[in-house]
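Please look over the model below before reading on. The notes that follow are grouped by topic.

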Amino acid sequence: MKKVLIFGITGQDGSYLAEFLLEKGYEVHGLIRKSATGNKKNIMHILDRITLHKGDLADATSIYRIIKNVNPLELYNFADQDHVSWSYDSVDYSFDITGAAVGRILEIIKQVNPKIKFFQPVSSNMFGRAQNPQNEETNFRPQSPYGCAKAFAYILTRYYRDVFGLFASTAIFYNHESPRRSEEYVTRKITKAAARISKGLQKKLYLGDINIKIDFGYSKDYVEAAWKILQLDTPEDFIICTGELHSIREFVEKAFDCVGLKADDYMEIDKNLLRPGKTAELVGDFSKAKKAFGYKPKVKFGELVKIMANHDLKEIEKEPLLSKIEE
């Protein structure tokens, strides 16, 4: 049985990938941090089918131990500080966990077993203010510590591939969402608020820049693309996106439509939520991925919002009614 090791297995992408690879017949192993041991919500339904290992990307010793003991055929690193807004307040941590930790992993692979196939997701935030559309040759101009850290991760992966011959691939993921997004992300904040407001449990939804347009995709589509990238004969870099732009306002309107409400009646702008560094409206070109392994986004924007809004509506209906209405 083929073994896989997933760093970040408790998160949105890592948990979907674990499900996908179990269906493919893999023996699935995952790294779990001490601070994340109480956050197994996304993998509770598969805990009896996977093996978890305690460690931390900040600790090279634990990374070495886990990789050596598992000795996987494939290793996917979905663990990082992946919140752009948080990166402004946790610059050093973001640089270390999102950027430098990738070098730790690759160096350990080189020492333990150079035949391990490695996948590193990076971010469209690396492009910053690039012109549309972006492809694999577009220059980086990040506008956040997170974007800078992801650019470092990308460069490290290419370095270990070019210099040491590791099978190390990257995918530049554009925004990809799902019901497993935490409420700290604007998409989940929106769908959760729509559900709560529809049940009288919340009065208003406060947002920053609602006019910015984003290339929104579905997490399940993207993790499937990650697996296909590691099945190729040679390691490469790809853009994974939808090629479509939709504004935050559109996302809000569709989410509120799903619960039978008009968004403008409940949405307000809070200037404190605006980011100090503003990126361009980034949209990708996935032509290379389409040619290499037939990539095409299955879930489009409208369906994505509906999936998330309906999920949150069902979750709210399961909860006992709260006596206090929150704003």
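Tyr159, Val163 and Phe164 make a nonpolar surface patch of about 280 Å². This is a predicted model, in which local features need pLDDT of at least 70 and side-chain atom pairs count only at pLDDT 80 or more, while totals for chains, interfaces and linings use all residues. Residues are numbered from 1 along each chain as its sequence is written, and side-chain values use heavy atoms, with hydrogens and water left out.

**Surface patch**
- Areas come from the Shrake-Rupley method with a 1.4 Å probe, and for residues only the protein chains shown count as cover.
- Tyr159 lies in helix α5 (residues 145–164); helices (H or I, at least four residues) and strands (E, at least two) are DSSP runs, numbered from the N terminus.
- Tyr159 is partly exposed, at a relative accessible area of 40%; buried means under 20%, exposed over 50%, and partly exposed in between.

**The sheet**
- Seven strands form an open sheet with parallel pairing, in the order β3-β2-β1-β4-β5-β6-β11; two strands pair if DSSP finds at least two bridges between them.
- At the edges are β3 and β11 (237–240), each pairing on one side only.

**Strand β2**
- Five of the six residues of β2 (residues 27–32) are buried, so this strand is largely enclosed by the rest of the structure.
- β2 pairs in the parallel sense with β1 (residues 3–7) over five bridges, and Leu5 stands opposite His29.
- β2 also pairs with β3 (residues 50–54) over five bridges, where Val28 has Ile50 as its bridge partner.

Notes: Buried < 20%, exposed > 50% of the residue type's maximum accessible area, 1.4 Å probe, protein only. Patch = residues over 30% accessible without salt bridge, like charges linked within 9 Å, V, L, I, M, F, W, Y side chains within 5 Å. Salt bridge = Lys/Arg side-chain N within 4 Å of Asp/Glu carboxyl O.
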